[in-house]
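Please open the model in your viewer and keep the selection tool at hand.

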Amino acid sequence: MACGQGHPQGPLVSPLPAARFESQSYLEGPWFQACGQTNVSCKMVKGKVVEVGKWPWQVNILYLGLYLCSGSLIHHQWVLTAAHCLQRSKDPNQYSVKVGVQQLPENNTQLLITRIVIHEDFNNLMSQDIALLKLRDPVSWSPFIQPICLPKNNFRLTIGTMCWAIGWGFAEKKKTPRPPYSLQEMAVRILNNDVCNQRYHFLLSAGQKKLIGKDMLCGGSEWGLDTCQDNSGSSLVCQVNKTWIQVGVVSWSFSCGRRQFPSIYTSTPHFTQWIKKQISDMRFVSRAGSALLTGYILLISLGSLWLL
């Protein structure tokens with residue numbers, strides 16, 4: 001494990017870049033090279049050495065100054081999130097965001113929002129659950145503030161692929177986390193949508209044939225963790241050729257921390273064209289066409305769970 005802590009399982013290593021300690025030379029210079037890159041470093045927080053900069057696209061969304069949901073930086077002036085996070089009000093003046101946050105609560109500067117774009121077909125709080133927030137001022141890239149790559153619209157995830165959900169409030173059965181909350185990651189296995197349609201069949205309305213459509217991803221954890229309410233709008237990311245790509249947005253699940261009910265994510269590839277229509281100068285789109293993580297990568301993912 002990075003930052004000098006031993007791993008209880010021995011030689012397994014994290015799929016993230018090796019950490020390096022902060023220095024003056026590390027903090028200087030241009031900080032953007034490409035989307036989907038991390039700048040992991042070690043920092044002393046309350047007497048403990050912790051990793052920071054692991055997921056630099058993570059954004060906190062606040063409503064009237066209080067934490068509401070998460071999102072991800074996909075552009076120097078745009079944040080991607082879930083549409084259901086923005087149902088309290090359509091007034092952008094009531095929302096703000098914080099970038100570069102490593103723990104909750106944290107006193108980072110609040111950035112103002114000037115525009116909210118909710119997908120025009122979002123109406124049942126489940127499907128088409130995607131939205132964009134436009135920042136009043138562009139952010140400046142830094143080691144802790146970087147954009148995530150979006151997938152091409154024909155990007156395909158192979159069933160069984162292991163990806164990572166990023167967020168604050170991952171829940172384990174019979175265990176309630178206490179503040180301060182650290183940014184965490186959870187390994188997620190991509191499941192066939194038919195699995196989720198079977199598990200959530202009881203939610204179908206009269207005349208409805210299926211609940212989970214092409215605009216959604218079905219993902220489950222094998223280790224009793226789950227994406228919960230506090231993680232709405234967070235990113236589901238896969239690493240392809242050393243580049244992180246956002247393949248989903250945390251949307252909903254029926255019961256937090258119960259394996260029989262997988263989490264539902266908004267499928268980012270399904271909406272890449274929609275996003276590009278809203279953001280005329282959208283540049284951070286990966287060229288990768290598919291993701292397949294098996295064997296060796298799966299072992300690494302299992303080992304990384306000890307970081308949570």
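The model is predicted, so local features need pLDDT of at least 70 and side-chain atom pairs count only at pLDDT 80 or more, while totals for chains, interfaces and linings use all residues. Residues are numbered from 1 along each chain as its sequence is written, and side-chain values use heavy atoms, with hydrogens and water left out.

Begin with the six strands that close into a barrel, in the order β4-β5-β6-β10-β9-β7, with antiparallel pairing; from one strand to the next the twist averages 40 degrees. Strands here are DSSP runs of E with at least two residues, helices are runs of H or I with at least four, and both are numbered from the N terminus; two strands pair if DSSP finds at least two bridges between them.

Next, select residues 58-63 and 95-99, which are β4 and β7, joined in the antiparallel sense over five bridges, and find Y63, which stands opposite Y95 in β7.

Now select residues 268-278, helix α3, which lies across β5, β6, β9 and β10 and runs at about 115 degrees to β9. Contact means heavy atoms within 4.5 Å, and angles run from 0 to 180 degrees between N-to-C directions of axes fitted to C-alpha atoms, for helices over the stretch in contact.

Finally, which class has nine residues in the lining of the second largest pocket? That lining has nine nonpolar residues, with seven polar and four charged. Here Ala, Val, Leu, Ile, Met, Phe, Trp, Tyr, Cys and Pro count as nonpolar, Asp, Glu, Lys and Arg as charged, and the others, Gly among them, as polar.
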